[in-house]
Amino acid sequence: MTTETITADSAGTWKLGDLTVSRVGFGAMRLTGSAAFHHGTPSDRNRSMAVLRKAVELGVDHIDTAAFYFSSLRSANELINSALSPYPDDLVIAVKVGPFRTYTGEWATSARPDELRGHVEENLRQLGRDHLDLVYLRRMRQESISEHFGALAELREAGLIRHLGISDVGARHLAEARAIAPVVSVQNRYGLDHRPPESAEVLRLCGEAGIAFVPFYAVAGEAGERGATTAHDDAVLDVARAHGASPAQVRLAWTLHQGPHVLAIPGTGNPGHLAENVAAGALRLTDEELSRLNALHGQASQPA
């Protein structure tokens, strides 16, 4: 399929609260290096900024980032600020807070509720903004998220945050958060070859409530933060050949077919891959192809 002329609006739109975004967005994790965080080698700064500008040219209006997205030389937030500021009026930037990395890149103790304001303010400084469009609380194994989410709800009331989301959660956490403040989006791991039962339930609940469901590692698969998987089932390869598409595009198309409320945030530091990811929003799978891919998803290994 032709990729260079296909824009993000081919996938349709969804509303994050009062903010309308294309269903294909961009994840900033891979901007900083050949693999996320401290893995791989740092990226070329000019190339990463060119990817961001190209994304906006292709109609991407939803970027997902975090202050803890950095390598030894690059910061995703700094790249976004340098490449895109002053920001387009319709650009929605979402950030995650909760996890914490030291200046050396090591993972440290995640934030207490009273430390979340500092996490929010650090993202504001790095991005050069006076408020954040969407802030996700990334759950870090705690059983209850009420104190942490409540702290973010207070920052929303103070005007530092426009909308709230939650990440890496189950149905009970979604109910807990919604009892405190509106939730516009949930970001969980979910993909063609990864089907955690809790995420499947949250996917359904979000659809019923009109909440966006934003799966991460939809392209990476089991490779996770180290990059896109190269292990593709015959079903994926067959569908890709039928459409003249890449396996990654098929994975993204399948993700978007899971419901109108499902958004995709594929990340890359490669301009060519960026165009392919955006073009995946125009890929329409047949009922037969969906059935075959759904069967593959049903066979996917579940996390221990």
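Predicted model: local features only at pLDDT ≥ 70, side-chain atom pairs only at ≥ 80, totals over all residues.
Residues are numbered from 1 along each chain as its sequence is written, and side-chain values use heavy atoms, with hydrogens and water left out.

Back to K96. Another polar contact, of 3.4 Å, joins the side chain of K96 to that of Q187. K96 sits in strand β5, residues 92-97. Helices (H or I, at least four residues) and strands (E, at least two) are DSSP runs, numbered from the N terminus. Is K96 buried or exposed? K96 counts as buried, because its relative accessibility is 3%. Buried means under 20% relative accessible area, exposed means over 50%, and partly exposed is in between, with a 1.4 Å probe and protein chains only. Leaving aside neighbours within four places in sequence, K96 is in contact with D64, T65, A66, F68, Y69, N123, Y136, S167 and Q187, where contact means heavy atoms within 4.5 Å.

Next, N188. N188 lies in the loop between β10 (185-187) and α6 (197-209), and is buried at a relative accessible area of 2%. With neighbours within four places in sequence again left out, the contacts of N188 are S167, D168, V169, S199, V202, F213, V214, P215 and F216.

Two of those names come up again. D168 belongs to the loop between β9 (161-167) and α5 (171-178). Its phi is positive, about 60°, although D168 is not a glycine. D168 counts as partly exposed, at 29% relative accessibility. Y217 also has a positive phi of about 60° and is not a glycine. That residue is in the loop between β11 and α7, and Y217 is buried, with a relative accessible area of 18%. For backbone geometry there is one more item: the peptide bond from S85 to P86 is cis, with omega near 0°. P86 is in the loop between α2 (76-84) and β5. As background, most residues other than glycine have a negative phi, and most peptide bonds are trans.

F213 brings us to the rings. How many aromatic pairs does a search of the whole structure find? The search finds seven. One of them is Y190 with F213, which is edge-to-face because the ring centres are 5.9 Å apart and the planes are at 85°. Rings of Phe, Tyr and Trp (its six-membered ring) pair if their centres lie within 6.5 Å; planes under 30 degrees apart count as stacked, over 60 as edge-to-face and the rest as tilted. This pair links distant parts of the chain, with Y190 in the loop between β10 and α6 and F213 in strand β11 (residues 212-213), 23 residues apart. Y190 is buried at 6% relative accessible area, and F213 is buried at 0%.

Elsewhere, F37, F68, Y69 and W107 form one aromatic cluster. R101 lies over the face of W107, 5.5 Å from the ring centre, and R129 lies over the face of Y87, at 5.0 Å. The test for a charge over a ring is NZ of Lys or CZ of Arg within 6 Å of the ring centre and within 35 degrees of the ring normal.

Two or more lining residues come from each of β5, β6 (100-101) and α3 (116-127). The largest share, five residues, is from α3.

Last, helix α8, residues 247-256. Nine of its 10 residues are buried. What covers them includes α7 (234-243), α9 (271-279) and α10 (287-298). Q249 is in this helix and counts as buried at 3% relative accessibility. A polar atom of the Q249 side chain lies 2.9 Å from the backbone nitrogen of S246.

Definitions and conventions: Polar contact = N/O pair within 3.5 Å; in protein donor to acceptor, adjacent residues only side chain to side chain.
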